[in-house]
Amino acid sequence: MLFQSHGICPVCNTPGKHWCTTQDWEYRATTHYYSYLNCPACHTLFLEELKEDNLLNIYPPNYYSFSQKTKKGLFKLKDRLDALFYKSVLKKIPTTGLSVLDVGGGTGNVLDTLKKADKRINYTEIIDIDLNAKEIAEKKGHVYVCTSAETYHTNKKFDIILLLNIIEHISNPARLIQKATDMLTDNGFIIIKTPNAKSLDARLFKNYYWGGLHCPRHWIIFNESSFKLMCSDKKLNIESIRFTQGAAFWAYSIINLFRKQDINLKKKPLLESPFFPFVSIFFAIMDLFRSFFSTTSQMFIILKK
Ligand SMILES: [Zn+2]
């Protein structure tokens, strides 16, 4: 079994309470029902147990981070906004050459954006599990290590370590963050993007399907205070936590409401719905506006030594 919580919160060890039972409505890669529990103490959401023993059973070949599709219009604009954010972090590192590790980086789309944002980047490496993504990433000049985050080992040090939408996919996020800290240069930063369980869309879609569950691929979903609690015993400083748009979670939640709830394995992923771009754009704008005065369902966290 790849993940089993035994009903205990992975952050504070409090017994969890049932939050919802749902299925893989996004990819229909598995037919099992899955239960998510909520910790009454720190409000972390977590999967009760993963009923699969092979990661490739829940990450089908058409999984979004394995594909390399041309981005258009507002999605390009999103990349530019992300590039500005990464640039603001990169400029705090006063060296002539920069190395970047992207854990779970797929075909290297984010590393491409970073390389455009800062010309000092002269080494980029990806850890991921898909062999097809390896070929595409290597063609673009990234080093690709085909393994899981848990089994990866290196003696190299990196100036930037990206854990973008990865810590919610693994069984022991605390251990991964410790590992990333050991691989970080003294002036470096760990950039984490992860869902926030204490968000408006999580509350609204709890009894339907909240896209932030990405069921059954998200195993542990933090909130701002439970993330800080997990890091409290580490030699790490939280440089900043800010909220960013969670448009994809809104789009998955809403489009799924209008879909027939059958687990037909041949159905296309929610991401390929013709409505997905329009719903996403609407909620991206709404969330970016909300992020100035409220929490949203995605957090950007920057850590340093
Ligand atoms: Zn807890």
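Predicted model: local features only at pLDDT ≥ 70, side-chain atom pairs only at ≥ 80, totals over all residues.

I began with helix H3 and looked up what covers its buried residues: the cover includes strand S5 and strand S6 (143-146). For my own reference, helices (H or I, at least four residues) and strands (E, at least two) are DSSP runs, numbered from the N terminus. I call a residue buried if 20 or more other C-beta atoms lie within 10 Å of its own, exposed if 12 or fewer, and partly exposed in between, with C-beta atoms placed from the backbone. Covering rests on contact, for which the C-beta atoms of two residues, placed from the backbone, must lie within 7 Å.

Residues are numbered from 1 along each chain as its sequence is written.

**H3 and its surroundings.** In H3 (residues 131-139) I found Ala133, Lys134 and Ala137 buried. Seen down the axis of H3, these buried residues fall within an arc of 105° (taken over the directions from the helix axis to the C-beta atoms), so they line one face of the helix. On the face turned away from that buried side I noted the exposed residues Leu131, Glu135 and Lys139. After H3 comes Gly141, with a positive phi near 95°. I also noted that S5, H3 and S6 make a right-handed β-α-β unit, where right-handed means that, with the strands pointing away from the viewer, the path from the first strand over the helix to the second runs clockwise.

**S5 and its partners.** Strands count as paired if DSSP finds at least two bridges between them. S5 and S6 run parallel and are joined by four bridges, with Ile126 standing opposite Tyr144 in S6. On the S4 side, six bridges join strand S4 to S5 (residues 121-128), again in a parallel run. Going from S4 to S5, the chain passes through helix H2 (residues 109-117), and this β-α-β crossover is right-handed. I looked up two facing positions in S5: Ser99 stands opposite Tyr123, and Asp102 stands opposite Ile126.

**S4 itself.** Which residues cover the two faces of my interest in S4: are they buried or exposed? Leu98, Val100 and Asp102 on one side and Ser99, Leu101 and Val103 on the other are all buried, and six of the six residues of S4 (residues 98-103) are buried. S4 also pairs in the parallel sense with strand S7 (residues 158-164), over three bridges, and there the bridge partner of Leu101 is Ile161.

Leaving aside neighbours within four places in sequence, I listed the contacts of Leu162 as Val100, Leu101, Asp102, Val103, Gly105, Val110 and Ile191.

**H6 and the chain end.** In helix H6 (residues 224-231), Ser226, Phe227, Met230 and Cys231 are buried. Down the axis of H6 they fall within an arc of 140°, so they line one face of the helix. Their cover includes helix H4 (173-182), strand S10 (237-244) and strand S11 (298-304). Lys305 lies in the segment after S11 and is partly exposed, with 14 other C-beta atoms within 10 Å. Lys305 and Thr181 are 124 residues apart in sequence and 7.2 Å apart in space, C-alpha to C-alpha.

**The antiparallel sheet.** I found an open sheet of four strands in the order S1-S2-S3-S9, paired antiparallel. Strand S1 (17-22) and strand S9 (220-221) stand at its edges, each with a single partner strand, so one side of each is left without a neighbour in the sheet.
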